Number of protein chains: 2
Amino acid sequence: MTTILLIEDNADIRENTAEILTMANYKVFTAADGMEGVHKAFEHKPDLIICDITMPVLDGYGVLHMLHKRNALQGTPFIFLTARAERSDMRKGMEMGADDFITKPFDAMELLQAIEIRISKAVQVKESNGFESLFSVATGQLEALKSERNTNTYKKKQVIYTAGNRASFLYYVLKGKVKTSMLHDNGKELITGLYNEGDYLGYTTLLESGVYTDQAEAIEDAELALIPKADFDELINSNPGVLKRFIEMLAKNMVEKEEQLLGIAYNSLRKKVADALLSIHKKFNTMSIDISRDNLAAVAGVAKESLIRTLGDFRDEKLISIKEGDILLLDLKKLAYMLN
Amino acid sequence: MTTILLIEDNADIRENTAEILTMANYKVFTAADGMEGVHKAFEHKPDLIICDITMPVLDGYGVLHMLHKRNALQGTPFIFLTARAERSDMRKGMEMGADDFITKPFDAMELLQAIEIRISKAVQVKESNGFESLFSVATGQLEALKSERNTNTYKKKQVIYTAGNRASFLYYVLKGKVKTSMLHDNGKELITGLYNEGDYLGYTTLLESGVYTDQAEAIEDAELALIPKADFDELINSNPGVLKRFIEMLAKNMVEKEEQLLGIAYNSLRKKVADALLSIHKKFNTMSIDISRDNLAAVAGVAKESLIRTLGDFRDEKLISIKEGDILLLDLKKLAYMLN
DNA sequence: CGTAAATTTGACAGACATCAAGTCGGGTGG
DNA sequence: CCACCCGACTTGATGTCTGTCAAATTTACG
């Protein structure tokens with residue numbers, strides 16, 4: 001039976017919602033404030049958490065933060081309840097790793113739909129995590145692919161593909177980190193994507209024109225699996241499940257890119273830098289960021305010198321600390337809430 | 001039999017390439033310079049055009065421009081030949097409407113592959129143009145959808161959906177123009193997409209989380225068909241062809257968005273404005289742009305006042321003319337070639 | 001240990017946003 | 001039909017944020 005933890009300080013809403021959920025055949029735990037919520041989360045390990053944002057003592061962001069500190073509940077879907085469709089709240093919450101938002105007042109259908117979507121996604125993630133399992137959808141073809149596929153190793157700074165070339169592989173990161181970036185006429189670089197172990201890259205081009213408009217480069221020693229275009233084509237043609245996975249990845253990327261677009265257009269230098277730090281934190285899932293200043297500047301879309309100055313400011317404000325070039329994030333909340 | 005027009009001033013390359021193409025069972029016309037190329041294009045109406053960029057008298061960009069002036073050859077795939085993988089050239093060409101790039105020296109396989117891809121895409125576009133035909137892939141379900149579907153009319157400035165809401169329809173623009181945009185904390189707006197008659201919108205959200213992160217609004221009186229989410233889900237689940245169409249749309253959007261990202265990050269004001277004009281020109285396929293200054297500024301990602309000043313400069317430089325607020329593009333080439 | 005690369009600091013200027021005032025045109029109501 | 005008003009557009013003056021260039025310092029690496 002699916003268990004849900006509901007954290008909400010308003011007793012009326014809490015009981016009402018719990019009732020709806022119980023009727024929908026979920027097992028429901030409730031908590032009346034953030035601290036209690038965190039405790040019950042660790043105690044019961046629910047399949048999904050619904051949490052109000054505005055609460056006394058420990059608010060929703062705080063709860064999310066506490067949970068993410070412990071890896072046990074990293075994969076648990078987290079849905080925020082919020083009073084109004086406050087846009088900036090939404091974005092901040094999403095950046096901190098929330099999966100969905102429900103705005104009060106909500107009706108039962110809306111709530112149940114959102115829960116079902118998240119539960120099914122979580123199951124998907126568990127089932128199909130990484131290379132093997134994605135292709136295991138196409139069990140028959142898996143063995144063939146594995147035997148034929150060759151893996152390449154790339155050293156730090158080595159180029160994987162460049163703009164203008166025809167795409168002939170789908171890449172899968174087995175080890176290390178990779179960036180994709182675009183070069184501006186004036187020589188500046190903008191990083192459009194970061195890839196960690198377990199990520200695919202190059203599929204956009206394969207699905208579109210076939211000619212790269214960006215370039216990929218290893219930012220630390222990396223090992224990639226190369227899946228020939230023909231195999232990829234065959235796989236997505238013969239197997240709608242795989243195609244669906246890729247369409248979801250694309251759609252998710254799309255949303256991220258639009259957020260990035262909005263930020264780069266109108267954010268101040270400080271906010272651009274903060275967002276860059278947060279997006280790397282989210283991508284690589286670490287509080288300690290080890291990345292060259294050039295690359296960090298290219299993620300943020302600002303000049304390297306400006307970036308360095310801003311990092312210095314952040315250090316003085318105790319938002320981060322810097323040791324031997326490594327950036328340690330100290331105050332995620334303030335970074336996310338940074339005003340322009 | 002598929003006919004190809006090859007425009008290339010270097011006799012060796014021309015003859016060599018023509019030979020390859022002939023062997024691959026295409027009917028080939030050749031032209032030794034831009035003017036001859038344009039004439040032969042109108043004379044023979046080829047299925048595909050391959051054209052060198054650097055040529056005396058009328059260069060490749062000029063050829064493309066001349067062809068696009070006449071609508072007859074608008075849909076004909078156009079592939080550029082270019083000496084090196086010069087990135088900035090690539091982007092300019094793509095902005096002007098080229099479909100692909102091949103960098104010299106190229107081998108036969110590469111050339112033939114690119115041609116085949118373009119030919120097959122052109123056929124696809126012809127076959128499935130607009131609402132009816134996309135869904136005609138799923139012939140059985142088409143009638144049901146048509147009868148059930150309801151159409152809404154929206155007046156200029158009317159909101160279609162807003163951020164934070166759950167997506168429940170796929171929209172299809174029957175008439176009018178629509179924008180999607182995101183709101184920044186400081187109140188500024190960035191337009192992330194423009195939609196014309198025959199475009200779908202809202203599919204990214206349907207394919208991803210189900211909660212809008214952007215908002216849609218009519219920029220002139222518009223009529224939209226609303227396809228319920230359930231129908232859309234069923235259609236893409238039961239019909240891989242439809243899913244594939246959407247994945248291609250997504251992938252194409254993705255590339256556009258990355259270009260926009262690079263531009264907004266590093267372009268000067270002048271170039272941002274020029275790019276905004278060009279992208280609207282390309283989207284709505286008209287030399288005369290009738291759009292509010294606010295919207296134009298939101299496309300470019302700059303302040304309204306800065307935009308207006310820049311338009312004034314462009315007018316003085318005879319790149320555009322302005323009559324009663326309408327902007328008439330006079331010199332596409334210089335706009336595309338604008339340096340920072 | 002020496003050299004090159006990466007990072008940091010400093011000084012400076014220019015591009016662009018902002019605020020404010022003014023103009024134009026079109027719609028509305030008397 | 002005219003006066004009025006409101007919104008869209010334009011122009012002007014001003015300040016500041018952030019990129020650029022240059023030099024200094026630290027780190028990486030063979």
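**Exercise 1. Decide whether Lys271(B) is buried, exposed or partly exposed, and say why.**

Solution. Lys271(B) counts as partly exposed because 18 C-beta neighbours lie inside 10 Å. The rule calls a residue buried if 20 or more other C-beta atoms lie within 10 Å of its own, exposed if 12 or fewer, and partly exposed in between, with C-beta atoms placed from the backbone. This is a predicted model, in which local features need pLDDT of at least 70 and side-chain atom pairs count only at pLDDT 80 or more, while totals for chains, interfaces and linings use all residues. Residues are numbered from 1 along each chain as its sequence is written, and chains are lettered from A and ligands numbered from 1 in the order in which they are written.

**Exercise 2. Work out the strand order of the open sheet of 4 strands in chain A, and which strands form its edges.**

Solution. The order in chain A is β7-β12-β9-β10, with antiparallel pairing, where two strands pair if DSSP finds at least two bridges between them. The edges are β7 (159–161) and β10 (189–195) of chain A, each of which pairs on one side only.

**Exercise 3. Describe how many residues each chain gives to the contact between A and B, and which element of chain B gives the most.**

Solution. Chain B brings 49 residues and chain A brings 50 residues. On the side of chain B that touches chain A, α10(B) gives the most, with 19 residues.

**Exercise 4. Identify which residues are closest to DNA strand C, and which element gives the most to the surface near it.**

Solution. DNA strand C is surrounded by 16 residues, the closest being Arg293(A), Ser268(B), Leu269(B), Glu305(B) and Ser306(B); a residue is near if its C-beta atom, placed from the backbone, lies within 6 Å. The element that gives the most to this surface is α13(A), with 5 residues.

Definitions and conventions. Two residues are in contact if their C-beta atoms, placed from the backbone, lie within 7 Å. Helices (H or I, at least four residues) and strands (E, at least two) are DSSP runs, numbered from the N terminus.
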